[in-house]
Amino acid sequence: MMKRFLSAVAVSATVGLGVGGMGLGSAHAEGLKIGFLATLSGPPAVLGEHMRDGFLLGVEEAGGKLGGLETEVIVVDDELKPDAALTKVQGLLERDQVDMMAGVVFSNVMMAVYKPIIESETIFIGSNAGPSPIAGRGCSPYFFSTSWQNDQNHEVMGRYAGQQGFDRVIVMAPNYQAGKDAIAGFKRHYTGEVIDEIYTSLGQLDFSAELARIADAQPDAIFTFMPGGMGVNLVRQYDQAGLKDLIPFLSAFTVDETTLPATKETAVGLFSAAQWAPNLDNPANAKFVRDFEAKYGYAPSLYASQGYDAARLIDAALKVTNGDKRPEALLPVLKTAPFESVRGDFQFNSNQFPIQDYYLTRAVNRSGDTYVTEAVEKIFDDVGDAYAGSCRM
């Protein structure tokens, strides 16, 4: 896998603005500047890399001009540190004077930067983290998500576990907002008994104590959310402990294209849940997967797809406004911007999180040394999140 750990990268189109004849005022002629915040260091860096690469591919495929505006993307590493992220966002807003913000992988970072961004009346396109507070009472007209609300992929596994007759399940997640949302989501649609809830440290890499606890309890299945390097180690250790063939392993954001290059055969056959997979059959997705692999040399994940869709959403909205990037022009247009999502069905709910389909996915060896996920069953059709009713917009 290609690794590029960047603290700040500016990506600009090298061609001219090309706005002649569009009737744009000087407010638009200076181009578009986007601050893109992602985790690009430490064990979870691969998540941010995928998300960033997907977004930059979307910009590149627009000729470096989203909505016809020459586009500069300032990519900043939040280091998975909320305080550092807040400082860097303040720099993007005040020093760099970005026109909009995008990105954010982890929910603890999102909770730190969300309020300052929306209070500055800056449009914010989130392409991963979707903590429940910002989907419900903390929603904002300035925030749009091209991913999901945190609970939703976990809800898929809760429903699936119930359908499979797994009556006794252990759940395990890191002890932070997204981990709590994961377990809440799983339990919302699970009809059996959760016999144990295990919360680990964020960034934990040794799960020997937790696996011994699971082996002793002998549940019908486990459900876990362990993103990035945490997921890599958990899957390997689960296999090494001899549990893979004994206790079904259900997950979300744990077995995907960010972890499979490291886990390989130890993950093959394990189930996950997602709103996207490389094998979704629509023209936009086929092009995205083909172009992404050709450019970056590795298989895209759902994080990459969400970043790509974020760029395409911005491009589509700006085309409708003829390049008018002012919030008062863009906000009403973003809600219905006509872009073709790589996941197929897509529309914004009242809280500006997606209404979309969700799938059971499975890890497979596509060919040679390439491991990917594939959608095997649709679990939810055109569904919104549980918090939209609390949003007051």
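Let's begin with two cysteines: Cys-139 and Cys-391 are both buried. The model you are looking at is predicted, and in it a disulfide joins Cys-139 to Cys-391, with an S to S distance of 2.1 Å. If the word is new to you, a disulfide is a covalent bond between the sulfur atoms of two cysteines. A search of the whole structure finds one disulfide. The link of Cys-139 and Cys-391 is right-handed, with 90° about the S-S bond. This pair connects distant parts of the chain: Cys-139 sits in the loop between α5 (132-135) and β7 (143-145), while Cys-391 belongs to the segment after β15 (370-383), 252 residues apart.

Now let's turn to the aromatic rings. How many aromatic pairs does a search of the whole structure find? The search finds 22 of them. One of these is formed by Phe-106 and Tyr-176, whose rings are tilted, with 6.3 Å from centre to centre and 45° between the planes. Here too, distant parts of the chain are linked: Phe-106 is in the loop between β5 (100-103) and α4 (107-119), and Tyr-176 is in the loop between β8 (168-174) and α7 (177-189), 70 residues apart. Tyr-176 counts as buried because its relative accessibility is 8%.

A second pair to find is Trp-276 with Phe-288, which is edge-to-face because the ring centres are 6.0 Å apart and the planes stand at 70°. Trp-276 lies in the loop between β12 (271-274) and α11 (283-296), and Phe-288 lies in helix α11, so the pair ties together parts that are twelve residues apart in sequence. Trp-276 and Phe-288 are both buried.

Next, follow the strands. Strand β4 (residues 69-77) is largely enclosed by the rest of the structure, because seven of its nine residues are buried. Strand β2 (residues 32-38) pairs with β4 in the parallel sense over seven bridges, and here Ile-34 stands opposite Val-73 in β4. Strand β3 (residues 65-66) also pairs with β4, but in the antiparallel sense and over two bridges. In that pairing, Lys-65 stands opposite Glu-70. β3 and β4 form a hairpin with two residues between them, and Gly-67 in the turn has a positive phi of about 65°.

Strand β14 (residues 354-367) and β15 pair in the antiparallel sense over ten bridges, and Gln-356 has Val-383 in β15 as its bridge partner. Two residues lie between β14 and β15 in this hairpin, and Gly-368 in the turn has a positive phi of about 50°.

Which residues other than glycine have a positive phi? As background, most residues other than glycine have a negative phi. Gln-97 has a positive phi of about 50° although it is not a glycine. Gln-97 lies in the loop between α3 (82-95) and β5, and it counts as exposed because its relative accessibility is 58%. Lys-264 also has a positive phi, near 45°. Lys-264 is in the loop between α10 (260-263) and β12, and with a relative accessible area of 26% it is partly exposed.

Let's visit one more residue, Gln-306, which is found in helix α12 (residues 302-320). Gln-306 has a relative accessible area of 0%, so it is buried. What is Gln-306 in contact with, leaving aside its neighbours within four places in sequence? Its contacts are Ser-127, Asn-128, Thr-146, Ser-147, Trp-148, Gln-275 and Arg-343.

Finally, step back to a longer stretch of the chain. An unreviewed UniProt entry places the feature "domain: Leucine-binding protein" at residues 32-364. This span is 42% helix and 20% strand, and its end C-alpha atoms lie 40 Å apart.

Methods. Residues numbered from 1 in each chain as written. Predicted model: local features only at pLDDT ≥ 70, side-chain atom pairs only at ≥ 80, totals over all residues. Heavy atoms only, no water. Disulfide = S-S within 2.5 Å. Helix = DSSP H or I, 4+ residues; strand = E, 2+ residues; numbered from the N terminus. Buried < 20%, exposed > 50% of the residue type's maximum accessible area, 1.4 Å probe, protein only. Phe/Tyr/Trp six-rings, centres within 6.5 Å; stacked < 30°, edge-to-face > 60°. Pairing = 2+ DSSP bridges. UniProt positions renumbered as here; feature names shortened; annotations may be inferred. Contact = heavy atoms within 4.5 Å.
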